[in-house]
Amino acid sequence: MRFTDRSISALRAKSGRYEKWEDGRTGLGIRVAPSGRKSWVFMYRFDGKPRRMTLGTYPLVTLADAHMTHAQAKKKLERGTDPGTEALIHKREERHAETVRDLVDEFMEKYSQPRKRSAHEDRRCLEKEIVPLWGHRKAKSVTRRDAITMLDRIVERGAPIMANRTLAIARRMFSFGVDRDILEINPLLGIRPPAIEVQR
């Protein structure tokens, strides 16, 4: 079958699951479930054994995306790596990656409480400003833009000094996260305090 958006959209659900394969014996196919759900699949051989890798769901993963992921998987095969096994390991790591809630707890236990008299203030700030907003998210998913938006909201509610305090504590916490190999970069580095404080 020649894969185009039109040909893929035209595939209809049947009583049983079925698959269509791209022309040219590339190993790229699309699986259609009885529910109508369409998923990209890659059939390949590794160590002489047939393997199957799911590349995502259409149309969330577009035809162009599927071709790109398929090409990357084939390159890994050429280098002697099983792309399906690597993808499963990555998914498992993502599933078990620490959330911001986990990071807050570890930061308080391993850094703030043993070192700072003001640890209770750190906890209060993090529980009020950070956990309700990001607690459920993976720590490494927080971006610089997320941090800026969070600080803007604190300033807009009339608490610019609290925005400064939150920035300082959160920046220290995310640096701790980098040191502990929970995330690779600190998204708050380089962000300027939103409020100008006058020293008495």
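Let me begin with Tyr-111, which is buried, with a relative accessible area of 16%, where buried means under 20% relative accessible area, exposed means over 50%, and partly exposed lies in between, for a 1.4 Å probe and protein chains only. Tyr-111 forms a tilted aromatic pair with Phe-176, at 6.3 Å centre to centre and 55 degrees between the planes. Here, rings of Phe, Tyr and Trp (its six-membered ring) pair if their centres lie within 6.5 Å, and planes under 30 degrees apart count as stacked, over 60 as edge-to-face and the rest as tilted. This pair links distant parts of the chain, since Tyr-111 is in helix 4 and Phe-176 is in helix 7 (residues 160-179), 65 residues apart. Both Tyr-111 and Phe-176 are buried.

Before I go on, a word about the model: it is predicted, so local features need pLDDT of at least 70 and side-chain atom pairs count only at pLDDT 80 or more, while totals for chains, interfaces and linings use all residues. Residues are numbered from 1 along each chain as its sequence is written, and side-chain values use heavy atoms, with hydrogens and water left out. As for helices (H or I, at least four residues) and strands (E, at least two), they are DSSP runs, numbered from the N terminus.

Let us stay with the aromatic rings. How many aromatic pairs does a search of the whole structure find? The search finds 7. One of them is the stacked pair of Phe-107 and Tyr-111, with 5.3 Å centre to centre and 20 degrees between the planes. Because Phe-107 and Tyr-111 are 4 residues apart in helix 4 (residues 100-115), they are separated by about one helical turn. Phe-107 is also buried, with a relative accessible area of 1%. Elsewhere, ring pairs link Phe-3, Trp-40 and Tyr-58 into a cluster.

Some rings also have a charge over them, which is counted if NZ of Lys or CZ of Arg is within 6 Å of the ring centre and within 35 degrees of the ring normal. The charged end of Arg-172 sits over the ring of Tyr-111, 4.7 Å from its centre, and that of Lys-14 sits over the ring of Tyr-18, 4.4 Å from its centre.

Now to the backbone. The peptide bond from Tyr-58 to Pro-59 is cis, with omega near 5 degrees, and Pro-59 is found in the loop between strand 4 and helix 2. Arg-25, a residue other than glycine, has a positive phi, near 55 degrees, and its place is in the loop between strand 1 (18-21) and strand 2 (28-32). Is Arg-25 buried or exposed? Arg-25 is exposed, with a relative accessible area of 83%. Asp-47, although not a glycine, has a positive phi of about 55 degrees; Asp-47 is found in the loop between strand 3 (38-46) and strand 4, and is exposed, with a relative accessible area of 67%.

Finally, the largest pocket. It is lined by 13 residues, of which Met-53, Thr-54, Thr-69, Ala-87 and Lys-91 lie nearest its centre. The elements that give two or more residues to this lining are strand 4 (49-58), helix 2 (63-78) and helix 3 (83-95), and the largest share, 5 residues, comes from helix 3. A pocket, on a 1 Å grid over the protein atoms alone, is an open set of points where a 1.4 Å probe fits, with protein on both sides within 12 Å along at least five of seven lines, and lining residues have an atom within 4 Å of a point.
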